[in-house]
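Hi,

Here is the structure I promised to pass on. Have a look at it first, and then read my notes on its salt bridges below.

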Amino acid sequence: MTSLKLWSETTPRRYISGIVALNLPTSPDSGDWHTVEMLRALRRGARIPLCLVGEETSFDSFDYFGGDGIIDASQVVAGLGETVEGPVHVATHARAIADMLISRLPEGWHGVAHLELDAWLPEPGKQSVVNLLLKARNRLDNENVEVLERLLGRRLNQGGAEEAA
């Protein structure tokens with residue numbers, strides 16, 4: 001079996017995100033992992049949104065989140081039987097979800113309503129997503145903030161997040 005080229009294409013500013021990152025077991029307390037199916041899809045050449053994001057890709061959220069939530073997952077990837085040479089930069093589950101949310105915000109509520117945060121993350125993980133979105137708050141217009149607040153069930157205030165009334 002040949003290793004995926006994807007693993008070697010990452011840098012701290014160009015990393016694996018979205019559903020691919022969510023299907024890598026990088027966190028013991030999150031994920032609804034379908035790792036084998038995800039690897040099969042990548043080997044078949046399936047086009048998976050946000051598979052590789054950042055510099056020189058169609059989506060880059062670095063202006064929103066900086067380097068927060070980007071980790072080296074080379075040991076996890078090697079543990080899946082993949083050949084790894086050097087770091088494999090991957091979004092944490094919280095960063096992957098935040099990337100998915102930001103990338104779909106231009107579609108409004110319909111772009112994010114199907115995202116199942118409760119299925120992907122326990123409460124501490126959801127708080128990590130909220131913390132990332134708070135960092136991005138000043139770059140979003142009021143309409144997009146309202147969409148995120150509706151999805152999260154929390155208000156994204158300048159001073160922090162609070163439960164929505």
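First, the term you'll need: a salt bridge here is a side-chain nitrogen of Lys or Arg within 4 Å of a carboxyl oxygen of Asp or Glu. The general idea is that side chains of opposite charge can pair when their charged atoms come close.

A bit of background: this is a predicted model, where local features need pLDDT of at least 70, side-chain atom pairs count only at pLDDT 80 or more, and totals for chains, interfaces and linings use all residues. Residues are numbered from 1 along each chain as its sequence is written, and side-chain values use heavy atoms, leaving out hydrogens and water.

By that rule, there are five salt bridges. Here are some of them.

One of them joins Glu-9 to Lys-5, with N and O 3.6 Å apart. For burial, I call a residue buried under 20% relative accessible area, exposed over 50% and partly exposed in between (1.4 Å probe, protein chains only). Lys-5 is exposed at 60%, while Glu-9 is partly exposed at 26%.

Next, Arg-13 pairs with Asp-60, and their closest N and O atoms are 3.6 Å apart. Arg-13 sits in the segment before strand E1 (14-16) and Asp-60 in the loop between strand E2 (52-54) and helix H3 (62-65), so this pair ties together parts 47 residues apart in sequence. Helices (H or I, at least four residues) and strands (E, at least two) are DSSP runs, numbered from the N terminus. Both partners are partly exposed: Arg-13 at 27% and Asp-60 at 32%.

Finally, Asp-99 and Arg-95 form a salt bridge at 3.2 Å, N to O. They are four residues apart in helix H5 (residues 93-104), about one helical turn, and both are buried.

Cheers
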